Every structure is written in C-alpha cells, then in structure tokens.
Amino acid sequence: MLYEEHVDLSDHKRIEEIISDNSVYMWEAVDSEKLGGWVPDIGLTSFFRKSIFRPYQNIKIPDSDVLSHRFWGTVENQSDHRGLKHIGILFYLYDGDNCEFELSLGAEKIGFYKPLMNDNNYHLIITTKKVLFEGEMEVFQFRALKKSRYRIEKFILLDHIPTASIKSLKIENINFKRSFTPNNDSGVIVVNFTTSEPSSIRIESDQLFEILQNKKKKRNFQVNFNNAQDVTEFTFKIFANSVFGNKALSYQTYEKKLVSHKNNDLKIPIYKSSNDLDFGKTFVFGVPMEEGFLYISDEIVVNSKNGDAKLNYEPISLWPDGSIKWAKVFLNSSYFKNDICYLQKKRNKYYKSEEKCFQSGKIIIKSQNSQVSFQENCPIFINYHRTDYLFLEAVIVFSNGIKEKISKISNFEVIHQNNSKTEIYFQMISFTFDYFEIKIKCYIDIDTRGVFQLQPILLIKPSMEFKDKFSFKNEKKLFSEENEILRIKEFKLNLPFLQPDTIEHSFLNNSNEIQEIFQISDLLSRVKTSTDTECNNQRFEGLFRLKTGQQQNLLYFKEFWQTYPKAISVSSGKLSIEILPAIEKDMFSFNEDEIHRLGFWFDDNNYLLKMGMNLSSSFSLDLGGVFTDFDDFKQLNDEILPCIDLDYLNLTKAYKFINPKFGSPSSKYEELMPKAISSFFDDRIQNRAFGHINFGDWYGESGFSWGNNEYDTALCSLVEFLRSRNQEWLALGRQAVRHQVDVDTISDHFQNEKIGSQAMHMPGHLGGYLPPYFKSKMKGTTSIPSHTWVEGLVLYYLLSGDESVKDAIDLTRKWLLHDEKLNFYEFSNCREAGWHLIHLCSYYEAFTDNECLNAAAIIVEKVLKHQNPNGGWNRMLTESHCGCGFPRCSGEAGFMLSILLSGLSRYYSYTGNEDVKEAVINGAMWLIDNTFDELSGHFRYTSCEKRTLGGGFQQTQWVIESLAYAYYFSKSDLIEKYLRNSIPTIGEYPKNLDHLGLGKALAQQMRYTPFILHMLPKDE
C-alpha cells in the first residue's frame, strides 16, 4: 500500500488559530451525515470537546469503519465548500494506536494516509495534494483501516497548507545525582533530562557513560556516567534529534557539590515504642538523614553505657550530592535505655569492616547446634545434631492431581550479614503447569542462637513460552480473565530434618497427642490426633511446640488464623507447613453474601490464584532450643519497628512535613484517631475480612466491593504510627502493604503493559473470579493511576527496609513511566493527572528519583496547556457529574480538581516552578467560584448544580487540601476566608452509613490531613 504525503501539525496554539479562521470550511465530526460504527462522544467519556470514536466492540460490525458526509449547507446555499481544497482531519492520536485511513470523494479514491506520531496528542493531518469539491450531492468518505479508536473532532477544507509555527527543540529539566553501584566501589553520576519533542539522543564526553532508554523515541532520558568516584568536574554535550526533524545541542558541566552539615555531633533519637522483653533482638528499620550529614565512608554508632558501639547500616536512598537520605540500620534491642536510644555519626574513627567473601555459588551459615549450606542449583542441607538432612522441600498439587516436588534453589544471595544474624534470599527452581509458571521466592534470617525466620512467597506467572507466543491482537478474544486463574489443590513446605512426634499448641488443654492442626476458616478449625478428629471454632494463634521425646522446638506462624486456610502437620513423620492445605469447599460455613465476599477464591476442592498474584507467609523456628515460653517466642517474632522521632524526621526534610499531635490545630481530628483504629479493626471483624486473599484490605466500597485499600490505607496508618508511636497503626499499615503487594499489584502478566499495575476496587479484588459487573462498577481488572497507591508502600519501605516490598515498588514505578500514560492528560479528568503526579513525586521525595520528577514535568506541561485563562480546568462532564442530560455541561468535580492541585503543589515544592504555583492558586479560586454552595456553607460534589443539591461536610473535606496549599502559597484573604470556614469539618466522620465502607470514609481525610495542618491560618 502506497501512502500519500501529508502535513502533521501538533502545536495546540497553531491548530486553534486555524480552526478559528472564519474563511476555513469546517464541520464537527459528530455532525457527519452517516457515522457508521462511530459513536458520538457528547458526554460519554471525559473528552474535553465533542468528538467521535470507535469503541473496540464496534470494530467487527460491517461498514463500521466508514464515515460519510454530504454537504447540505452548500446545497441549501448556507455555506460553500466548493473548489480545490486540502483536506484536514483533527485527530486525537492515542499512543500505540495505528490510525491509517483512506479518503474518498464519491467514487474517486483520494489516497491512503498513515499518521506517524501516535502520542496521546492532538494532530491536524492535512493532505498535501488538493481535491476538487464540485458541490451538489457528492459524498465524502473516511475509512478507518486499522483496529484503533480513531478519535476525530473536526474535518477541515483548506485553500492552502498553513505554515507551521516555528518551534525549537529544547533540552530541559537537567538534574544531577551522585550515586553508587551496589558494592559501593564505583561512583556513578546520574544525569536526567527531557526533550520538548520525542527525540533520539547521543552524548559526547571523555567520561565513560551509558544511555538508559527504551527502544522507542521518547522525551525522558537518563545517562549514567560511570567510574566517577573520584571525579569532581567534567563536561559533556547532549545532541537531540526529534521525530519532527528539529535538532538541539546542550553543553553541560558537572561540578561536585557537597552540602556541608553544621551539626556533625547530632544525636538521632530512636524510640522502642513497645514493651517487649529484652531478648537481644535485632531491629531492622529506616533512619532519615539531613542532606550532607552522612556519607558512605562514615559510620553510625549507638550511644551505649559501655561506650559507643558501631552499627551496621545500608543506604536506602541518597540525596543529590551522594549523601545518605535514608539508611537501613541494624540495632540490637539491648541498646535501648528507658525505651530510647541515640544514634550518632562518627568520622575518621571507625572504619567499615571488609565485606565477607563467600565461595562463589555456595555459603555455609553456622547457628547454635546446626549449620546450613546454600549452593546454587542444589537443595539446601542442614547439619542438625551432627546429622545431615534436607532442609526444605516445596510441594504443589494441581487441580488434575499432578504433584510437583522441588528442593533445588537458584539466584541466592546474602542480603546482609553481621555478628548476630544472616539474611539470605533465594528462589526455588520454578516449574510450569499449562501456560502458568510457578515460582517460589524465599527470604530467610538465621540467628546465631538458632532462630530461623522464613518468608516464602508463591508467585503465579505466565510461562515464558506462552508469553513469547502471545499476540494481543490474535488472542484477546480467546483469552479472558477467567483463563488467568490457576487451580491448586495443595501447597506446602516440608522441613524433613524436623521429625517431631506430636504438636502442642499455646492453649491450656494439650493432653492429646496432636498430629495436625487445620485452621479451616476464621470460624472453624480441626484438630487431628492419633485416635480422633475434632472440629471447633478455635482460632489458633500460630504458636506451637514440636515435641520429639525430650527434644522440643517452638514454631510461630504469623497470622495463622487470619490468613486461613493453614495447617501444620507431623502425621507423615516430618514437619509440614501447609500454606494451602488440601480442602473441600463444603468445609466452609459461608452464607448469603459471604459466598462471594469470602468464598470467591475457592472452587470445589481447589484454590483459585490469579496470574500476577503473590502469596506470602511468615513463620519462625527455634532450632537452638533457646526458647521454652510461647509468649517470649511470639514477642521475639512480633514485627515491632523502632520509631524515629517525628520532630527529627521533619528536621531532616527527607520526607514531607508531618504535623505532630502536640499542639495540633484540629483537636477534633486527633480525637477521631483512636476511634479510627478501632473502626478499622471492628470493620474487619464484622465483615470477616480474613483469608489469604482478603486479609489486609477493607470491605464495603459501593456496598459490595473490596476497597483494595483506597485511599492508601497503608499511608494513613504509617503516618499515624509516626505521630502516635502506636504499634497497632504499624500493624494495620503492614497488613495493608502486604495485601497491596501480594494481591492488588500485578507482578507478572502475558501483557507487559499490565505488569506493576494495581487493580481497582471490586468484589473479588481482581477480575475473573465473579461475573462481569457483579454488583460492581467494572467488569474486570481495571488499573489506572487514580486507583493506584504508592505513598504507603514507599513509606513502609523507608521505615522498614523490607526488601520483599521493594520489587512491587519498582514494578509500579515502571508502569507509571510508560509513555502512553505520561502523555495521557490531553483530556482526561483532573484526578488522573493529579494522582499520577502524586505518585511520581513520591518516588522523587523518597529516592531523589529525577527520572520520575521529569516524568511529572511532562504531565505538568500537558496539564498547564489546558488550564482555563482564569484558572481551573473544564471538561465535558459525564452523567455521574452532570444532571443536565445531553449535551452535558462543562466543568469538573471538586474532589478531582483538588487531587490535581495536590499533585501540582508537590511538584512545585520540589521545582519552584512559578507557573505551577499560580495554577494551584487559580485552581482554588475556580473551586470557590464554581463549586461552593452558599446556602449550605459547604462545597458541592461537582460544578453542575443539577447533579448534587447543595453541599456537605464530606465534599468540603475533599477540597480542604487544595485550599490549604493555595493559601500557603498565596496568603490570599479570599482563600483564607473559605479555608477557615472549612476547618471545622476536619475530623468529622459520617454517621449512620448505609454500608460499612469505613476504610474509604476514614482514608479520604487521613491521607492528607497530617500533611496540611501546619499550613492552616493561625489565629491572631
């Protein structure tokens, strides 16, 4: 097929000039005489203006690809389109869509055209050759040639090809960061920058470099200058060549700038924030540092009664100058005095110990009366009581009865080792079933006293062979979400070296010789002895004693009953940890809505696990025989985090300012918090929100859906933990993080573009379990930035250093950086761009991630283009936000605009961009002018007065954040007036909800309130 030449204009201002010219003949695409399978969008989606598009379901309908138009205005002498004309089509070209088309006039073919720049942007495609329009009843036809959406706004006939505005290619947003390779022996200078048009680049420099970019031409770039540990200054050139043929050159000089810190003797207060007994426990947690305070060559010590003791630490993130922003610290509990200790920097006195060199592919760890050997592609062996045994074996039984046993490991690495413990990561050799790949990851901590802590994670992945063969176009109709579910009968871990005779649990009546304890559900359990089986409603806390003659070992399985089904068995003569024990569905006592709420992931005798899902567990074994008391062993294994002092955290500026509880300007909010934690836990009990898949989430969104932790329950909980040092908040936050990582984040998929995305709220968390639209807003797994939660995951990683969470953080980061998402804010509602900015700024805030900050710059640029002259953003409202019927009115929902202003405010705080600051202030003024209801004294839901009658305190709560930012930036008297009027609603809580949904009702104000309290106007 030969394509005709065409002109592509994408400059917004130039396009507006052309379509505003009264001499140009033009008609709205929606007004074309016959639309075929095209759909008029006059309020169906959030597109800013009237347009037509092709829904995917219409593509196969005969003649759905043809649009035709006759020129009745000319026939009736109302207009005149006749003459030799260039034809222009005003498209919105989606990233990844191929929008080839054919034009015809009557029986004459005009030609085939192929727009080359599909980048989520407006494009005016103009034919180079002219076409003679004679008038009368001639028929103009546009035929779509590909299976794409082809959103068209206008058709234009032009006497001449308009000149394009002269645009120069710009290389901008250049940021430097000093970093280090993982082994810290080689410095790296990371340079990030953007180009104003999609471009290819090259670098000229005497310094060794590497360009990190994908294969496509794009706007966001990173260059690593390697082996730069001793480099203080160098120059380089950036050459850029855009897809439109524009070129740019930028000369850059890097100069090493170290931030000097005034107080090198600063003592960092750390609170134990628990009453656990002193077992010599090693705490692992994150500590923030001011810029310039601590460098890789420095040491951290703890002030001890016996003198300063050096601590092991690892950098989690760095400031731009290479100083440490957050460090993961390993601290023994014995250093706390009166539940507090102080960390301090020491320089030129202590020296880092050399890293231990392990034999390649093999390591032996000694612990009390055992030693364990790890070797690549071999099973793990343990020498226990002077005898060699197999340490660990995984067993999976599939729905057809096929059993897989695996004991060999791969990809093992020592994450950390000190004098008291060793932390190791490994994978068990993966295997395939049908088109699934099943992988088991494991983190194991080995204490020198003989305490082994294991965290196995079962991953459900697509097989690489299937993934390589999968074609989205050919397979989409054959492969539904139901096909993404793997059916498993059983998954267990055998520890063959332990051969106990009986199990003793932590309750008082332990006279029987127990062989198996099976937690069937949160309300049902089964205990099997050598002679009998008894079922009851016991909730086993996961504390067990394994007895073999005079020998005994304690076992603690964290959240044993909460994440049912679970079982522990010694009936085979060896210890089996049954993470998914063999079941029969009629064991469960699910009634009415509990069947879809709790039982959706069981099918007859199978567990249903979704592709991309993880299933993580955590258990601990005392092989050294040190512990005999159940409570002592449980406290040793409780996930207690020392709490950094909040005033110190705010001083470092390594995280957003969090307002302390003391002196809070909202006593009502502080009084709500104890009720809030009770509400979360009460809600969980009432809805029985337990089980592998459900625990850590809340139920009740729209009455029937799992919330998937909207709006970031983890963030809300962890911030309140920092403010109160209440470990209950930490527990809730950790459970929410685990659920989000394991269930809601798609860790792998046969479609790469879904990897790292998070599922929106729905009845079964993810699609495929229940029928499409089952009491839900959506028919299946939907993932968009506005229902993705990043801040809680990131904060938990900073506070805990938990490496099992880092993978999910990185995958979601990659998903958020996809080109088609960065360029998507031409027309979508304000909330999408707002949440995307919040997420990207969170990565920058935590990790000085300049690539994410520059991605945010691309979104900001697009958002500012569509700003109203006097502030705010308008779109064609959908039926949910407009009660006027067709045509819908233009405007925005107040809470959606507030989210955008929140994202812009964060971006401004990191860049100082004055245009963004003004956009926030003017956006707040738009909210006041368009959504405030004078009669109620509150803000409305949307700008359309017919959709919601009056305002309410919740709608006011939804916009307080943006008002606070705008006032903080401007000190405007008018904004202050409305902000002061809104402050009494902080801490208010809905009464008599018609459904539970307490998670969302609480999180919608907890997610931002502690961050804006210090911005509120002070009383004179």
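Figure 1. Glu172 is partly exposed, its relative accessible area being 26%. The model shown in this and the following views is a predicted one. Glu172 belongs to strand E13, which comprises residues 171-180. When neighbours within four places in sequence are set aside, the contacts of Glu172 are with Phe193, Thr194 and Ser196. Of these contacts, Thr194 lies 22 residues from Glu172 along the chain, and the C-alpha atoms of Glu172 and Thr194 are 5.4 Å apart.

**Figure 2. The open sheet of four strands that includes E5 and E11.** The strand order in this sheet is E5-E11-E7-E8, with antiparallel pairing. Strand E5 (66-70) and strand E8 (108-113) form the edges, each pairing on one side only. From one strand to the next, the twist averages 15 degrees. Strands of a sheet pair through backbone hydrogen bonds, in either a parallel or an antiparallel manner.

Figure 3. Seven strands, in the order E20-E23-E22-E21-E24-E19-E48, make up an open sheet with antiparallel pairing. Its edge strands, each of which pairs on one side only, are E20 (282-288) and E48 (643-644). Helix H11 (residues 791-800) packs on this sheet and touches E20, strand E22 (309-318), strand E23 (324-332) and E48. The direction of H11 makes about 120 degrees with that of E20. Strand E21 (residues 299-302) and strand E24 (residues 340-346) run antiparallel and are joined by four bridges. Val302 has Leu343 of E24 opposite it.

**Figure 4. Strand E36 and its pairing with strand E40.** Strand E36 covers residues 502-505; Thr502 and Glu504 point one way from it, and Ile503 and His505 the other way. All four of these residues are buried. Four bridges link E36 to strand E40 (residues 543-548) in the antiparallel sense. Thr502 has Lys547 as its bridge partner in E40.

**Figure 5. The cis peptide bond between Tyr564 and Pro565.** Tyr564 and Pro565 are joined by a cis peptide bond whose omega is about -15 degrees. Most residues other than glycine have a negative phi, and most peptide bonds are trans. Pro565 is placed in the loop that connects strand E41 (551-557) with strand E42 (566-569).

Figure 6. Tyr711 is located in the loop between strand E50 (705-706) and helix H9 (713-724). Asp712 lies in the loop between E50 and H9 as well. Although Asp712 is not a glycine, its phi is positive, at about 65 degrees. The relative accessible area of Asp712 is 3%, which means that this residue counts as buried.

**Figure 7. Lys971 in the loop between helices H18 and H19.** Lys971 is situated in the loop between helix H18 (953-970) and H19. Its phi is near 55 degrees, a positive value in a residue other than glycine. The relative accessibility of Lys971 is 44%, so the residue counts as partly exposed.

**Figure 8. The crossing of helices H17 and H19.** The axes of helix H17 (residues 914-931) and helix H19 (residues 973-982) come within 11 Å and cross at roughly 55 degrees. H17 is therefore oblique to H19. The crossing in which H17 passes H19 is left-handed. Contacts are made by Ile921, Ala924, Met925 and Ile928 of H17 with Leu974, Ile975 and Tyr978 of H19. Classified by residue type, the contact of H17 with H19 has seven nonpolar residues, no polar residues and no charged residues.

Note on methods:
Residues numbered from 1 in each chain as written. Predicted model: local features only at pLDDT ≥ 70, side-chain atom pairs only at ≥ 80, totals over all residues. Heavy atoms only, no water. Pairing = 2+ DSSP bridges. Helix = DSSP H or I, 4+ residues; strand = E, 2+ residues; numbered from the N terminus. Contact = heavy atoms within 4.5 Å. Axes fitted to C-alpha atoms, helices over the stretch in contact; angles between N-to-C directions. Buried < 20%, exposed > 50% of the residue type's maximum accessible area, 1.4 Å probe, protein only. Parallel < 35°, antiparallel > 145°, perpendicular 65-115°, else oblique. Left-handed = near helix turned anticlockwise from the far one by under 90°. Nonpolar A, V, L, I, M, F, W, Y, C, P; charged D, E, K, R; others polar.
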